[in-house]
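Here is a short tour of a protein chain, its pockets and one of its helices. Have the model open beside you as you read.

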Amino acid sequence: MKQLRPARTRRILPLALLLPTAALISAGPAVSSEGAGHGELTESAKPTVVLVHGAWADASGWDEVIKSLQAKGYPVVAAANPLRSLSGDSAYLAARLKAIKGPIVLVGHSYGGAVITNAATGNPNVKSLVYIAAFAPDQGESTLQLTAKYPGSRLTDDPAAPVPTALDAVPLGGGPTDVDLYIKPDKFSDVFLSDRLDESRANVLAAAQRPVAPVTGEEPSKTPAWKTIPSWYLVATDDRTIGTQNLRYMAKRAGSTTVEVDAPHAVMETDPGDITDLILQAAHDTRPGLASTGTSTSAKALAGVALLAVTGGTALLLSSRRSRT
(Lines give C-alpha, C1' and ligand atoms only; values in the text may rest on other atoms or scores of the structure.)
Protein backbone atom coordinates (compact mmCIF):
# COMPACT_ATOMS: atom_id res chain seq x y z
CA MET A 1 0.00 0.00 0.00
CA LYS A 2 2.88 2.35 0.73
CA GLN A 3 4.02 2.01 -2.87
CA LEU A 4 0.61 3.05 -4.11
CA ARG A 5 0.47 6.35 -2.19
CA PRO A 6 3.00 8.25 -4.32
CA ALA A 7 1.24 7.07 -7.51
CA ARG A 8 -2.14 8.18 -6.11
CA THR A 9 -0.66 11.51 -5.18
CA ARG A 10 0.72 11.98 -8.67
CA ARG A 11 -2.71 11.31 -10.12
CA ILE A 12 -4.44 13.73 -7.72
CA LEU A 13 -2.05 16.65 -8.04
CA PRO A 14 -2.44 17.18 -11.82
CA LEU A 15 -6.21 17.06 -11.38
CA ALA A 16 -6.03 19.58 -8.55
CA LEU A 17 -4.06 21.92 -10.76
CA LEU A 18 -6.18 21.38 -13.86
CA LEU A 19 -9.51 22.13 -12.18
CA PRO A 20 -8.82 25.80 -11.40
CA THR A 21 -7.14 26.24 -14.77
CA ALA A 22 -10.18 24.84 -16.58
CA ALA A 23 -12.50 27.01 -14.53
CA LEU A 24 -10.52 30.15 -15.33
CA ILE A 25 -10.44 29.27 -19.01
CA SER A 26 -14.23 28.87 -18.90
CA ALA A 27 -14.53 32.29 -17.28
CA GLY A 28 -12.42 33.90 -19.98
CA PRO A 29 -14.93 34.01 -22.84
CA ALA A 30 -17.74 35.19 -20.54
CA VAL A 31 -15.69 38.11 -19.28
CA SER A 32 -14.48 38.94 -22.77
CA SER A 33 -17.93 38.90 -24.37
CA GLU A 34 -19.42 41.07 -21.65
CA GLY A 35 -16.60 43.54 -21.97
CA ALA A 36 -17.30 43.83 -25.70
CA GLY A 37 -20.72 45.23 -24.86
CA HIS A 38 -19.13 48.35 -23.42
CA GLY A 39 -16.17 48.62 -25.75
CA GLU A 40 -15.98 48.30 -29.53
CA LEU A 41 -18.67 45.93 -30.77
CA THR A 42 -17.64 43.10 -33.03
CA GLU A 43 -18.84 43.22 -36.63
CA SER A 44 -21.44 40.48 -36.11
CA ALA A 45 -22.75 42.10 -32.92
CA LYS A 46 -23.35 45.55 -34.39
CA PRO A 47 -27.01 46.48 -34.70
CA THR A 48 -28.58 48.01 -37.78
CA VAL A 49 -29.12 51.73 -37.30
CA VAL A 50 -32.39 52.90 -38.85
CA LEU A 51 -32.67 56.67 -39.35
CA VAL A 52 -36.07 58.31 -39.79
CA HIS A 53 -36.33 61.92 -40.95
CA GLY A 54 -39.13 64.30 -40.05
CA ALA A 55 -41.17 66.98 -41.78
CA TRP A 56 -39.60 69.50 -44.16
CA ALA A 57 -36.57 67.26 -44.67
CA ASP A 58 -35.65 63.98 -46.31
CA ALA A 59 -33.24 61.08 -45.77
CA SER A 60 -30.30 63.03 -47.25
CA GLY A 61 -30.22 65.09 -44.06
CA TRP A 62 -28.56 62.09 -42.40
CA ASP A 63 -25.68 61.95 -44.91
CA GLU A 64 -22.86 62.88 -42.52
CA VAL A 65 -24.21 60.62 -39.79
CA ILE A 66 -24.48 57.74 -42.26
CA LYS A 67 -20.87 58.21 -43.38
CA SER A 68 -19.61 58.17 -39.80
CA LEU A 69 -21.58 55.07 -38.82
CA GLN A 70 -20.64 53.15 -41.96
CA ALA A 71 -16.98 54.01 -41.39
CA LYS A 72 -17.30 52.27 -38.02
CA GLY A 73 -18.83 49.19 -39.61
CA TYR A 74 -22.48 49.72 -38.72
CA PRO A 75 -25.19 48.73 -41.21
CA VAL A 76 -27.42 51.75 -41.79
CA VAL A 77 -30.88 52.24 -43.30
CA ALA A 78 -32.12 55.79 -43.93
CA ALA A 79 -35.83 55.16 -44.23
CA ALA A 80 -38.11 57.26 -46.41
CA ASN A 81 -40.85 58.77 -44.25
CA PRO A 82 -44.03 59.33 -46.32
CA LEU A 83 -45.23 62.28 -44.13
CA ARG A 84 -48.87 61.49 -44.93
CA SER A 85 -50.36 60.46 -41.56
CA LEU A 86 -48.97 59.30 -38.23
CA SER A 87 -50.77 55.96 -38.37
CA GLY A 88 -49.88 55.35 -42.01
CA ASP A 89 -46.26 56.45 -41.66
CA SER A 90 -45.84 54.31 -38.55
CA ALA A 91 -47.29 51.25 -40.26
CA TYR A 92 -45.00 51.83 -43.23
CA LEU A 93 -41.94 52.00 -40.98
CA ALA A 94 -43.06 49.02 -38.88
CA ALA A 95 -43.20 46.88 -42.03
CA ARG A 96 -39.72 48.08 -43.01
CA LEU A 97 -38.35 47.18 -39.58
CA LYS A 98 -39.76 43.65 -39.77
CA ALA A 99 -37.65 43.04 -42.87
CA ILE A 100 -34.43 43.76 -40.94
CA LYS A 101 -32.75 40.81 -39.23
CA GLY A 102 -31.07 41.21 -35.86
CA PRO A 103 -31.01 44.06 -33.35
CA ILE A 104 -32.00 47.59 -34.36
CA VAL A 105 -31.19 51.04 -33.05
CA LEU A 106 -34.10 53.21 -34.20
CA VAL A 107 -33.46 56.93 -34.59
CA GLY A 108 -36.00 59.67 -35.29
CA HIS A 109 -35.68 63.39 -35.91
CA SER A 110 -38.52 65.86 -35.36
CA TYR A 111 -41.84 64.30 -36.50
CA GLY A 112 -39.83 61.13 -37.14
CA GLY A 113 -39.71 60.72 -33.36
CA ALA A 114 -43.49 60.32 -33.26
CA VAL A 115 -43.24 57.75 -36.04
CA ILE A 116 -40.60 55.61 -34.29
CA THR A 117 -42.57 55.88 -31.03
CA ASN A 118 -45.45 54.04 -32.72
CA ALA A 119 -43.60 51.83 -35.21
CA ALA A 120 -41.30 50.18 -32.64
CA THR A 121 -44.07 49.07 -30.29
CA GLY A 122 -44.16 45.28 -30.13
CA ASN A 123 -41.01 44.74 -32.22
CA PRO A 124 -38.51 42.76 -30.07
CA ASN A 125 -35.63 43.55 -32.43
CA VAL A 126 -35.70 47.25 -31.60
CA LYS A 127 -33.27 47.48 -28.69
CA SER A 128 -32.86 51.26 -28.44
CA LEU A 129 -34.73 54.42 -29.41
CA VAL A 130 -32.84 57.62 -30.16
CA TYR A 131 -34.71 60.93 -30.34
CA ILE A 132 -32.95 63.78 -32.12
CA ALA A 133 -34.80 67.02 -31.29
CA ALA A 134 -37.88 64.87 -31.78
CA PHE A 135 -41.41 64.25 -30.66
CA ALA A 136 -41.87 61.47 -28.10
CA PRO A 137 -45.66 61.50 -27.64
CA ASP A 138 -47.61 59.55 -25.07
CA GLN A 139 -50.78 57.72 -25.99
CA GLY A 140 -53.51 60.08 -27.15
CA GLU A 141 -51.22 63.07 -27.74
CA SER A 142 -50.70 64.82 -31.06
CA THR A 143 -47.57 66.60 -32.19
CA LEU A 144 -49.42 69.92 -32.41
CA GLN A 145 -50.47 69.57 -28.77
CA LEU A 146 -46.88 68.96 -27.72
CA THR A 147 -45.59 71.92 -29.72
CA ALA A 148 -48.00 74.20 -27.87
CA LYS A 149 -47.33 72.85 -24.37
CA TYR A 150 -44.51 75.31 -23.59
CA PRO A 151 -43.40 78.41 -25.51
CA GLY A 152 -40.45 78.22 -27.87
CA SER A 153 -41.84 77.07 -31.20
CA ARG A 154 -41.99 79.70 -33.95
CA LEU A 155 -44.26 77.72 -36.25
CA THR A 156 -47.04 80.16 -35.45
CA ASP A 157 -47.54 83.49 -33.75
CA ASP A 158 -51.32 83.03 -33.69
CA PRO A 159 -52.54 79.90 -31.88
CA ALA A 160 -56.04 80.48 -33.26
CA ALA A 161 -54.92 80.49 -36.91
CA PRO A 162 -56.26 77.52 -38.92
CA VAL A 163 -52.79 77.06 -40.43
CA PRO A 164 -49.63 77.88 -38.41
CA THR A 165 -48.51 81.29 -39.62
CA ALA A 166 -44.98 80.16 -40.59
CA LEU A 167 -46.41 77.58 -42.98
CA ASP A 168 -47.82 77.68 -46.49
CA ALA A 169 -50.81 75.44 -47.27
CA VAL A 170 -50.46 74.36 -50.89
CA PRO A 171 -53.68 72.88 -52.40
CA LEU A 172 -53.48 69.40 -53.93
CA GLY A 173 -56.63 69.78 -56.01
CA GLY A 174 -59.03 68.08 -53.61
CA GLY A 175 -61.07 69.50 -50.75
CA PRO A 176 -60.14 72.47 -48.58
CA THR A 177 -58.15 70.29 -46.18
CA ASP A 178 -56.40 68.42 -48.99
CA VAL A 179 -53.20 70.44 -48.80
CA ASP A 180 -49.47 70.07 -48.23
CA LEU A 181 -47.75 72.17 -45.60
CA TYR A 182 -44.38 73.81 -46.28
CA ILE A 183 -42.37 76.22 -44.17
CA LYS A 184 -42.50 79.60 -45.90
CA PRO A 185 -39.16 80.29 -47.65
CA ASP A 186 -38.64 83.55 -45.73
CA LYS A 187 -39.27 81.74 -42.42
CA PHE A 188 -37.27 78.59 -43.07
CA SER A 189 -33.87 79.78 -41.86
CA ASP A 190 -35.29 81.18 -38.62
CA VAL A 191 -37.74 78.39 -37.75
CA PHE A 192 -35.86 75.30 -38.92
CA LEU A 193 -32.22 76.38 -38.75
CA SER A 194 -32.21 79.15 -36.10
CA ASP A 195 -30.20 81.18 -38.63
CA ARG A 196 -27.16 78.95 -37.98
CA LEU A 197 -26.30 78.27 -41.65
CA ASP A 198 -25.20 80.59 -44.40
CA GLU A 199 -27.92 82.00 -46.62
CA SER A 200 -27.11 79.91 -49.68
CA ARG A 201 -27.31 76.61 -47.77
CA ALA A 202 -30.51 77.67 -46.02
CA ASN A 203 -32.08 78.54 -49.37
CA VAL A 204 -31.16 75.15 -50.81
CA LEU A 205 -32.75 73.33 -47.87
CA ALA A 206 -35.86 75.50 -48.09
CA ALA A 207 -36.23 74.70 -51.79
CA ALA A 208 -35.76 70.96 -51.22
CA GLN A 209 -38.04 70.56 -48.19
CA ARG A 210 -40.50 67.66 -48.15
CA PRO A 211 -44.05 68.81 -47.30
CA VAL A 212 -46.20 67.23 -44.62
CA ALA A 213 -49.94 66.55 -44.58
CA PRO A 214 -51.91 68.44 -41.90
CA VAL A 215 -53.23 65.22 -40.35
CA THR A 216 -49.71 64.28 -39.22
CA GLY A 217 -49.89 67.00 -36.58
CA GLU A 218 -53.47 66.30 -35.54
CA GLU A 219 -53.63 62.50 -35.27
CA PRO A 220 -53.33 61.08 -31.74
CA SER A 221 -50.41 58.80 -31.02
CA LYS A 222 -50.86 55.20 -29.89
CA THR A 223 -49.00 53.03 -27.34
CA PRO A 224 -45.52 54.55 -26.97
CA ALA A 225 -42.51 52.30 -27.45
CA TRP A 226 -40.42 54.41 -25.05
CA LYS A 227 -42.33 52.93 -22.14
CA THR A 228 -40.74 49.54 -22.76
CA ILE A 229 -37.61 50.26 -24.83
CA PRO A 230 -34.59 52.22 -23.48
CA SER A 231 -34.26 55.65 -25.06
CA TRP A 232 -31.65 58.33 -25.64
CA TYR A 233 -32.48 61.95 -26.39
CA LEU A 234 -30.62 64.87 -27.94
CA VAL A 235 -32.08 68.22 -26.89
CA ALA A 236 -31.26 71.09 -29.24
CA THR A 237 -31.01 74.15 -26.99
CA ASP A 238 -31.96 76.57 -29.78
CA ASP A 239 -34.89 74.63 -31.22
CA ARG A 240 -37.44 76.99 -32.75
CA THR A 241 -39.57 74.33 -34.45
CA ILE A 242 -40.72 72.16 -31.53
CA GLY A 243 -39.28 74.36 -28.80
CA THR A 244 -36.41 73.46 -26.48
CA GLN A 245 -38.57 73.39 -23.35
CA ASN A 246 -40.92 70.93 -25.04
CA LEU A 247 -37.97 68.70 -25.96
CA ARG A 248 -36.76 68.67 -22.36
CA TYR A 249 -40.24 67.82 -21.14
CA MET A 250 -40.54 64.82 -23.44
CA ALA A 251 -37.02 63.58 -22.73
CA LYS A 252 -37.59 63.68 -18.99
CA ARG A 253 -40.99 62.02 -19.21
CA ALA A 254 -39.60 59.18 -21.32
CA GLY A 255 -36.75 58.64 -18.83
CA SER A 256 -34.28 59.08 -21.68
CA THR A 257 -30.52 59.32 -21.32
CA THR A 258 -30.22 62.94 -22.43
CA VAL A 259 -27.57 65.21 -23.88
CA GLU A 260 -27.99 68.88 -24.71
CA VAL A 261 -26.34 70.47 -27.74
CA ASP A 262 -26.20 74.15 -28.65
CA ALA A 263 -27.89 73.65 -31.99
CA PRO A 264 -31.02 74.43 -34.05
CA HIS A 265 -33.86 72.02 -34.70
CA ALA A 266 -32.03 70.73 -37.80
CA VAL A 267 -29.12 69.60 -35.64
CA MET A 268 -27.88 67.11 -38.26
CA GLU A 269 -26.92 70.11 -40.39
CA THR A 270 -24.77 71.71 -37.70
CA ASP A 271 -23.67 68.95 -35.30
CA PRO A 272 -23.76 65.52 -36.97
CA GLY A 273 -20.91 64.32 -34.77
CA ASP A 274 -23.01 64.75 -31.62
CA ILE A 275 -25.78 62.71 -33.23
CA THR A 276 -23.35 59.93 -34.14
CA ASP A 277 -21.95 59.86 -30.60
CA LEU A 278 -25.42 59.49 -29.09
CA ILE A 279 -26.34 56.72 -31.51
CA LEU A 280 -23.16 54.86 -30.55
CA GLN A 281 -24.11 55.20 -26.89
CA ALA A 282 -27.46 53.62 -27.68
CA ALA A 283 -25.79 50.88 -29.73
CA HIS A 284 -23.54 50.04 -26.77
CA ASP A 285 -26.37 50.55 -24.26
CA THR A 286 -24.21 52.88 -22.19
CA ARG A 287 -26.41 54.59 -19.65
CA PRO A 288 -25.37 56.08 -16.29
CA GLY A 289 -25.68 53.43 -13.62
CA LEU A 290 -25.96 50.58 -16.13
CA ALA A 291 -22.43 50.37 -17.48
CA SER A 292 -20.64 47.41 -15.90
CA THR A 293 -17.63 48.56 -13.92
CA GLY A 294 -17.04 45.38 -11.94
CA THR A 295 -17.00 41.65 -12.46
CA SER A 296 -20.16 40.10 -13.90
CA THR A 297 -22.30 37.61 -12.03
CA SER A 298 -21.29 34.75 -14.31
CA ALA A 299 -17.62 35.66 -14.04
CA LYS A 300 -17.92 35.79 -10.24
CA ALA A 301 -19.54 32.36 -10.21
CA LEU A 302 -16.81 30.88 -12.36
CA ALA A 303 -14.15 32.52 -10.26
CA GLY A 304 -15.79 30.93 -7.23
CA VAL A 305 -15.54 27.53 -8.91
CA ALA A 306 -11.87 28.16 -9.56
CA LEU A 307 -11.32 29.14 -5.93
CA LEU A 308 -13.05 25.99 -4.71
CA ALA A 309 -10.93 23.93 -7.06
CA VAL A 310 -7.74 25.52 -5.78
CA THR A 311 -8.87 24.97 -2.20
CA GLY A 312 -9.76 21.36 -2.96
CA GLY A 313 -6.43 20.76 -4.65
CA THR A 314 -4.56 22.22 -1.71
CA ALA A 315 -6.50 20.01 0.71
CA LEU A 316 -5.71 16.93 -1.35
CA LEU A 317 -2.06 17.85 -1.42
CA LEU A 318 -1.94 18.31 2.37
CA SER A 319 -3.84 15.08 2.89
CA SER A 320 -1.40 13.15 0.72
CA ARG A 321 1.55 14.59 2.56
CA ARG A 322 0.07 13.61 5.93
CA SER A 323 -0.61 10.07 4.75
CA ARG A 324 2.99 9.75 3.54
CA THR A 325 4.30 10.86 6.91
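What volume does the second largest pocket have? The second largest pocket has a volume of about 350 Å³. Of the 22 residues lining this pocket, Ser60, Gly61, Arg201, Leu205 and Glu269 are the closest to its centre. A word on provenance: this is a predicted model, in which local features need pLDDT of at least 70 and side-chain atom pairs count only at pLDDT 80 or more, while totals for chains, interfaces and linings use all residues. Residues are numbered from 1 along each chain as its sequence is written, and side-chain values use heavy atoms, with hydrogens and water left out.

A pocket here is an open set of points on a 1 Å grid over the protein atoms alone, where a 1.4 Å probe fits, with protein on both sides within 12 Å along at least five of seven lines; lining residues have an atom within 4 Å of a point. The volume is the space filled by probe spheres set on the points, which are joined across faces, edges and corners.

In the largest pocket, at least two lining residues come from each of α5 (143-147), β5 (167-171), β6 and α8 (215-218). For the second largest pocket, α2 (63-71), α6, α7 and α10 (267-270) each give at least two, and α7 has the largest share with four residues. Helices (H or I, at least four residues) and strands (E, at least two) are DSSP runs numbered from the N terminus.

Now to α6 itself, residues 185-193: Phe188, Ser189, Asp190, Val191, Phe192 and Leu193 are its buried residues, buried meaning under 20% relative accessible area with a 1.4 Å probe and protein chains only. Their cover includes β3 (104-110), β6 (179-183) and α7 (199-208). Just after the helix, Ser194 takes a positive phi of about 50°.

Elsewhere, Asn123 lies in the loop between α4 (111-119) and β4 (126-134). Asn123 counts as buried because its relative accessibility is 13%. Beyond its neighbours within four places in sequence, Asn123 is in contact (heavy atoms within 4.5 Å) with Leu97 and Lys98.

Terms used
Buried means under 20% relative accessible area, exposed over 50%, partly exposed in between (1.4 Å probe, protein chains only).
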